[in-house]
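Let's walk through this structure together, one piece at a time. Please have the sequence and the 3D view ready.

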Amino acid sequence: VSKLEGRGKIALKFLQNDDSIKVIVKDNGVGFDKENATDSEHKLKGINLIRERLELLNGSDESLGFEMESNVGVGTIVAFNFQVVCGD
């Protein structure tokens, strides 16, 4: 999160369903234009790493996927799901 005045807040939200948990991370940073960002940029490296780790956790189940919204000057929201595994 950028160190601009009035910025730097992060909110976490967890929503539990029967067999999964949805995690929503929202910040009020500077955001970015994901349409014009390239994989070589620092921001997308972190996002791609999150996607790779979710694939390791979830396999190819797209219903447990990854969502991202970012707007310049507003911030970024990232949401993802993972399965809950209960042991006996």
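Ile50 is found in helix H1, which covers residues 42-58; helices (H or I, at least four residues) and strands (E, at least two) are DSSP runs, numbered from the N terminus. The model is predicted, so local features need pLDDT of at least 70 and side-chain atom pairs count only at 80 or more, while totals for chains, interfaces and linings use all residues. Residues are numbered from 1 along each chain as its sequence is written, and side-chain values use heavy atoms, without hydrogens and water.

Ile50 counts as partly exposed because its relative accessibility is 32% (buried is under 20% relative accessible area, exposed over 50%, partly exposed in between, with a 1.4 Å probe and protein chains only). Its C-alpha atom is separated by 10.0 Å from that of Val78, 28 residues apart along the chain.

Now turn to the strands. Four of them form an open sheet in the order E1-E2-E4-E3, with antiparallel pairing; two strands pair if DSSP finds at least two bridges between them. At the edges are E1 and E3 (66-71), each pairing on one side only. E3 pairs with E4 (residues 75-83) in the antiparallel sense over 6 bridges, and Asn71 stands opposite Gly75 in E4.

Finally, look at Phe14, found in strand E1 (residues 10-16). Because its relative accessibility is 55%, Phe14 counts as exposed.
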